[in-house]
Amino acid sequence: MNRDNMFADLHLHTCFSDGTYTPEELAARGSSLGVAAMSLTDHDTVEGCPRMAAACAAAGIEFLPGTELTAEFNGNEVHVLAYGIDLTNPRFLLEVARFQAVRQDRIREMVARLNKLNVPLEVDSVFALANCRSPGRPHVARALVQAGLCASLEEAFDRFLKAHRPAWVPKCKMSALEAIRLIQQAGGLAVAAHPGLNRTDLIIGQLVDAGLDGIECFHSKHTGPTVQHYLAIADHYGLLVTGGSDCHGLSKGKPLIGSVKLPYVYFEKLKERLTAPVHSGRSQNHLAQTF
Ligand code: AMP
Ligand code: ZN
Ligand code: FE
Ligand code: FE
């Protein structure tokens with residue numbers, strides 16, 4: 001295929017966090033849409049990456065391992081995408097496991113709050129439905145609907161789970177600076193996710209000073225002018241440009257995969273950085289054999 005028509009989707013979720021597709025279903029969707037390269041960026045986990053790698057290989061799609069870390073900086077939530085990390089890096093796996101435990105404890109606390117409100121949701125029903133190490137509020141919402149305790153996911157969020165509603169529990173997050181360090185010591189690239197949805201403009205300079213590698217300019221919730229705004233910021237700071245649909249399968253209505261087409265040239269730049277003998281003056285490159 002002409003490289004100018006090739007595209008990537010580097011922001012995708014599966015049932016290993018709060019998406020609904022399995023890695024195999026996601027790769028099949030990508031294949032039917034003609035996606036040339038994909039990354040899996042489940043929240044705070046890389047559990048689905050080996051299956052996604054195999055499914056992509058079978059479909060002839062290039063695959064980049066990834067995750068989306070929930071972090072914070074100066075009190076604002078910031079999502080940091082990690083690309084090309086070594087999936088066996090002990091420190092990375094240990095830290096991710098710690099934040100998965102935080103997520104699981106938070107589910108217990110949210111269910112305890114619901115029970116105090118006389119909503120008889122059983123915590124095991126949430127864990128059974130989530131069936132992954134990185135559960136979140138959408139799983140509580142789905143369990144509430146499944147148990148007939150709420151009519152819809154919207155009702156579950158509106159009545160109980162949105163910020164400052166009675167069953168909401170704030171999430172303990174790692175600092176964005178820590179997230180950048182953690183990703184880079186595992187040989188990966190750290191990218192600020194969907195900056196148009198967070199107050200990222202105010203802190204981008206500080207993240208760049210901390211070693212941020214890239215910025216997600218293309219995203220399903222970015223308008224045309226927003227994309228242009230972040231392309232200019234990427235240019236200004238010399239950041240890599242990434243993009244993806246942030247597809248969660250069927251959990252948010254229509255699947256978003258295919259709605260964002262990251263031009264393949266940006267994916268090539270990412271690969272180049274990852275396969276350089278030493279990228280950004282730090283870790284050994286473990287991906288030289290991958291591409
Ligand atoms: P958590 O990481 O557990 O705080 O959950 C965040 C997830 O919940 C994200 O994927 C959001 O898209 C989803 N979410 C947050 N607010 C709502 C809402 N009002 N309705 C539906 N989903 C929501
Ligand atoms: Zn999500
Ligand atoms: Fe996000
Ligand atoms: Fe996401």
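Modeller: In this predicted model, ligand 1 sits in the largest pocket. Two elements each give two or more residues to the shell around the ligand, namely helix 3 and helix 5, the latter spanning residues 137–146. The residues around ligand 1 are D18, R103, R106, G136, R137, P138, F157, K162, K171, H248 and K252.

For K171, an N or O atom of the side chain is 2.6 Å from an oxygen atom of ligand 1. For R106, the corresponding distance between a side-chain N or O atom and a ligand oxygen is 2.8 Å. For D18, a polar side-chain atom lies 3.0 Å from an oxygen atom of ligand 1. On its own, ligand 1 has 500 Å² of accessible area, of which the protein covers 70%.

Helix 3, which covers residues 90–116, also has a part in another region of the model. It is among the elements that cover the buried residues of helix 7, together with strand 3 (62–73), strand 4 (76–83), strand 5 (174–175), strand 6 (189–192) and helix 8 (204–209). Helix 7 itself runs over residues 176–185, and its buried residues are A176, A179, I180, L182, I183 and Q184. An α-helix has 3.6 residues a turn, so residues three or four places apart point the same way. Just after helix 7, G187 takes a positive phi of about 80°.

Definitions and conventions
Residues numbered from 1 in each chain as written. Chains lettered and ligands numbered in written order. Heavy atoms only, no water. Buried < 20%, exposed > 50% of the residue type's maximum accessible area, 1.4 Å probe, protein only. Helix = DSSP H or I, 4+ residues; strand = E, 2+ residues; numbered from the N terminus. Contact = heavy atoms within 4.5 Å. Near = heavy atom within 4 Å. Polar contact = N/O pair within 3.5 Å; in protein donor to acceptor, adjacent residues only side chain to side chain. Areas by Shrake-Rupley, 256 points an atom, 1.4 Å probe, with all protein chains shown as cover. 1 Å grid on protein atoms, 1.4 Å probe; cavity = no way out; pocket = protein on both sides within 12 Å on 5 of 7 lines; lining within 4 Å. Sits in = over half its atoms within 2 Å of the grid points.
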